[in-house]
Amino acid sequence: MDLENFDIDSTTVEAWDAFTANLAEVLSVMDDASDLTIAVARGLAEGDVPAIRFDVAGATVTATIRAGRTAPGETDPADDERPLLVDLGWQAPDDRQPTFHAACDQEETEPLAALTSATMQEIFDVIHPVFLEPDHLREILRGTESWQTTPRPSPTEQDVALMPADRADLDRIVDDLLERSFGHPALRNPDGEVAIRVGSTIIFLRSTPDAQELVVFSPLVHDVAGRSRACEVLNDLNVEARYGRFALHKDRVYVQMSVDARPFVPAHLVHALRLVAHVADGIDDDLAAKLGGRTTFPST
């Protein structure tokens, strides 16, 4: 992952902008029989969660606040929230409307949608619209346009998912796949690990006792000279690496990937083996030089 190019602040702003635009569009087409409630996701607040309800009468959209902050079953905002709501643009409770409220014409719903977003962020402390839960109309959160335009390719035999009965069944499925891929039976040690040599390194494949996953791993460097230096280098690698995790165990450095096995998809294992092989054989010599160790086999 290129985390240096990821800006969580701008991403969050874009998400709120999209939520506001989607909400404005939905409010503009609601009819008199429609209503919509957008609440803070449960788990972020105890008891009743804050929410905003939208109703339509004629061509007017009315939003009302259910604060859910003070005590279970109560809907009034807390004392310190009330002036903030007024400052944002909400109308205080009156004889006609006993809760904080705001209204707009259906032809101009953008201000009400923007008020909703501001309230969720500034009053109810919602950091991202993913922490909101509409009671329906989920497109408010995700939009209606699809970014995916590429046709889906036809599945192959390796794309078909299999559900192993247990660890032994999973190992049999893996052995059959490896034999068809390499043209010879898999080489397993007494502990049940498959060993595959790739260039100057060796890859091991092991199923977990509960058959939930397959672990693909490779020892990259042996006899590491300094653990502190190794941890620093491996941390940088883990930040930069798209696949795999680098770890130091005693005086050896490993790269590891986990493949879900329930269900087991052959293509996922083939992909993981190729990736670990590419990483292991491509980085082990350089890593050994940096850490003052040696590779598993001399380079070929």
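Helix H3 (residues 110-122) lies across S1, S2, S3, S4 and S5, running at about 165° to S2; axes are lines fitted to C-alpha atoms, for helices over the stretch in contact, and angles between N-to-C directions run from 0 to 180 degrees. Helices (H or I, at least four residues) and strands (E, at least two) are DSSP runs numbered from the N terminus. The model is predicted: local features need pLDDT of at least 70 and side-chain atom pairs count only at pLDDT 80 or more, whereas totals for chains, interfaces and linings use all residues. Residues are numbered from 1 along each chain as its sequence is written, and side-chain values use heavy atoms, with hydrogens and water left out.

The five strands form an open sheet in the order S4-S3-S2-S1-S5, with antiparallel pairing; two strands pair if DSSP finds at least two bridges between them. S4 and S5 (132-134) are the edge strands, each pairing on one side only. From one strand to the next, the twist averages 20°. Helix H1 (residues 8-29) also packs on the sheet, where it touches S1 (35-40), S2, S3 and S5, and its direction makes about 160° with that of S1. Contact denotes heavy atoms within 4.5 Å.

Within this sheet, S2 (residues 51-57) and S3 (residues 60-66) are joined in the antiparallel sense over seven bridges. Thr60 in S3 is the bridge partner of Ala57. The hairpin of S2 and S3 has two residues between the strands, and Gly58 takes a positive phi near 65° there.

Helix H7 (residues 266-291) comprises 26 residues and reaches 35 Å from its first C-alpha to its last, close to the 38 Å expected at 1.5 Å a residue; the expected span is 1.5 Å times one less than the number of residues. H7 bends by about 45° at Asp284, the bend being the angle between axes fitted to the seven residues ending there and the seven starting there. Just after H7, Gly292 takes a positive phi of about 65°.

Overall, the chain contains seven helices and ten strands. Of its 300 residues, 39% count as buried, that is, under 20% relative accessible area (1.4 Å probe, protein chains only). Among contacts between residues at least 6 apart in sequence, 63% join residues at least 24 apart.

Key. Buried < 20%, exposed > 50% of the residue type's maximum accessible area, 1.4 Å probe, protein only.
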